[in-house]
Amino acid sequence: GQIEQRDFRDTVLQPFVRGARRAAVIGAGGGRDVKLAHEAGVSETLAIEVEPAVPRVLRGPLGEQFENVYDTPGVRVVVGDARSHFERTSDQFDVIFFWSVGGYPQLMLEPGNMIRTSEALRCFIDHLTPRGVFAIGYDAVLDPEQILLRQYATTLNRLGAHLVTFANQPPGQKPLEYMLLALSPQAGPDELARWQAVVDTVSEQVGHIPSESLLDPFFSPVTDDRPYLAGNIRNILTPEQVRFL
């Protein structure tokens, strides 16, 4: 299982990352995406992790087990909230990784959902270069009905991004992972042509979900003023209502 998932991740992302100069990893954790970017030849990687103990431990007692990933040349570690960091910088990135560990149930009341609102996703998309790709991936068990996947796809589509979605789905089994890629709305003809060529190549190797099937014309993207879901995607609570409850 784990080897298959790692192969899926590398198969999908490596072709899109190759040639990138600068990458950012939101929620760097154990450094898997940091390592992937380095192996793809990225010269500068910004690793953002909100939990300070993670980089501290990975640079200390667990450094060797994690291949000293945070001390790789070209890697800069930022401890803190990713959205706040992006709102303070004008840096542009060729690829932004967002490994979403939260599933739909977790989004009902978790404050961390502020990183998934329409405004937050716009903030990330705005920091892409014209060739830049925003990559969201997560374990399919967190989203069995593809509710979160449709939310992401619809929101990013409304923001003008070009989308492609892949699934790690062994024959006759349920999906193991999803990977949703959004190309910068600023992409020109050359970037779009290169993007399509890579999409075609990757689609021959892994499962592909037509993005049109994920777009929901009746869905209103979750916004900063109503970020909490109340069991149903159509019932979104304000922070004041959550405090009252």
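Trainee: How many helices and strands does the protein chain have?
Mentor: The secondary structure of the protein chain comes to 9 helices and 10 strands. Helices (H or I, at least four residues) and strands (E, at least two) are DSSP runs, numbered from the N terminus. This is a predicted model, in which local features need pLDDT of at least 70 and side-chain atom pairs count only at pLDDT 80 or more, while totals for chains, interfaces and linings use all residues. Residues are numbered from 1 along each chain as its sequence is written, and side-chain values use heavy atoms, with hydrogens and water left out.

Trainee: What share of the residues counts as buried?
Mentor: Of the 245 residues in the protein chain, 50% count as buried. Buried means under 20% relative accessible area, exposed means over 50%, and partly exposed lies in between, with a 1.4 Å probe and protein chains only.

Trainee: And what part of the contacts comes from residues 24 or more positions apart?
Mentor: Such pairs account for 70% of the contacts in the protein chain with a separation of 6 or more. Contact means heavy atoms within 4.5 Å.

Trainee: Since β7 has come up, where is A182 found, and is it buried or exposed?
Mentor: A182 is in strand β7, residues 177-183. A182 counts as buried because its relative accessibility is 0%.

Trainee: Which residues does A182 touch?
Mentor: Not counting residues up to four places away in sequence, A182 touches I125, L128, G132, V133, F134, L156, A161, H162, L163 and W195.

Trainee: W195 belongs to α8, I think. Which residues of that helix are buried?
Mentor: In α8, W195, V198, V199 and V202 are buried. They cover an arc of only 105° around the axis, which puts them on the same side of α8. The arc is that of the directions from the helix axis to the C-beta atoms. The face turned away from this buried side carries the exposed residues P189 and D190.

Trainee: What span should α8 have, and how far apart are its ends?
Mentor: At 1.5 Å a residue, the 15 residues of α8 (189-203) should span 21 Å, and the end C-alpha atoms are 21 Å apart, which agrees. The expected span is 1.5 Å times one less than the number of residues.

Trainee: Now α2. Which residues are buried there?
Mentor: In α2 (residues 32-39), the buried residues are D33, V34, L36 and A37. They cover an arc of only 160° around the axis, which puts them on the same side of α2. After α2 comes G41, with a positive phi near 95°.

Trainee: Which residue other than glycine has a positive phi?
Mentor: Q146 is one of them, with phi near 60°. Q146 lies in the loop between β5 and α7 (147-158), and it is partly exposed, with a relative accessible area of 22%.

Trainee: What about E44: where is it, and what is it in contact with?
Mentor: E44 is in strand β2, residues 44-49. At 31% relative accessibility, E44 counts as partly exposed. Leaving aside neighbours within four places in sequence, E44 is in contact with R21, R22, A23 and G74.

Trainee: And H85, buried or exposed?
Mentor: H85, in helix α4 (residues 82-88), is buried, with a relative accessible area of 11%. Beyond the neighbours within four places in sequence, H85 is in contact with L46, I48, R76 and V78.
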